[in-house]
Amino acid sequence: MKFVVKKGASAKLKCGCLIAGVYEGKSKKGVVAEIDDALGGVLRQAVRSGEFKGSAGQLLQVSPATGIGAQRLIFVGLGQESKANGEVLRKAVGSALQKAKDARSSDIALVFDSFDLNRAPVAERAQILAEGVLLGDYSFDRYQTDEEIKKATTPQSATILLGSTKDEA
């Protein structure tokens, strides 16, 4: 897996799958709200209907993601912000990556600002996200045939998108 760090607008980035973290009750703030606005309020509708709450590990896939550059978008629940820690973020990113693999995404991008962790330095958060990607990408293939291994699709690159606001691109 190749890791890339970029700076730019998350709604404009062209990629196979964009992954954004959502804390419970925080879907109307920050970069998550900007992405949702670009999508026409898909997340707000899912929250209102009870389909998505932002519980830890909960996934909401938007495919095709019209209104943004990504082919699909996965909102991943991070639970309550006050209870968040590195392990919660790792597991959330890992489960979102599994979903992206199931959808046969060739590359993924993580919206860094949506995976906020109280008082954690930027380097630590970036490490946590990278570890989550690697954990989600792991596949025990000892007993699989070469044909089964070839069929498995795994993203070739993971982009960590920094400073993802509307004004940048």
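1. Val62 stands opposite Leu73 in strand E4. Strand E3 and strand E4 (residues 72–79) run antiparallel and are joined by four bridges; two strands count as paired if DSSP finds at least two bridges between them. Helices (H or I, at least four residues) and strands (E, at least two) are DSSP runs, numbered from the N terminus.

2. The model is predicted: local features need pLDDT of at least 70, side-chain atom pairs count only at pLDDT 80 or more, and totals for chains, interfaces and linings use all residues. Residues are numbered from 1 along each chain as its sequence is written, and side-chain values use heavy atoms, with hydrogens and water left out.

3. The open sheet has six strands in the order E1-E6-E5-E2-E4-E3, with mixed pairing. Strand E1 (2–7) and strand E3 (59–62) are at the edges with a single partner strand each, so one side of each has no neighbour in the sheet. On average, neighbouring strands of this sheet are turned by 25° against each other, direction ignored.

4. Helix H1 (residues 30–38) packs on the sheet, where it touches strand E2 (17–23), E4 and strand E5 (107–111); contact means heavy atoms within 4.5 Å. The direction of H1 makes about 130° with that of E2. Axes are lines fitted to C-alpha atoms, for helices over the stretch in contact, and angles run from 0 to 180 degrees between N-to-C directions. Helix H3 (residues 86–102) also packs on the sheet, touching E2, E3, E4 and E5, and its direction makes about 155° with that of E4.

5. Within H1, Val31, Val32, Ala33, Ile35 and Asp36 are buried, that is, under 20% relative accessible area (1.4 Å probe, protein chains only). The cover over the buried residues of H1 includes E2, H2, E4 and E5. Gly40 follows H1 and has a positive phi, near 85°.

6. H1 and helix H2 (residues 42–49) pack with their axes 7 Å apart, at an angle of about 100°. The two helices are therefore roughly perpendicular to each other, a term for angles of 65 to 115 degrees. At their contact, Val32, Asp36 and Asp37 in H1 meet Val42, Leu43 and Arg44 in H2.

7. Leu43 lies in helix H2 and counts as buried because its relative accessibility is 0%. Not counting residues up to four places away in sequence, Leu43 touches Val22, Ser27, Val32, Asp36, Phe52, Leu60 and Phe75. The C-alpha atoms of Leu43 and Ala33 are separated by 8.5 Å, and these residues are ten apart along the chain.

Key: Parallel < 35°, antiparallel > 145°, perpendicular 65-115°, else oblique. Buried < 20%, exposed > 50% of the residue type's maximum accessible area, 1.4 Å probe, protein only.
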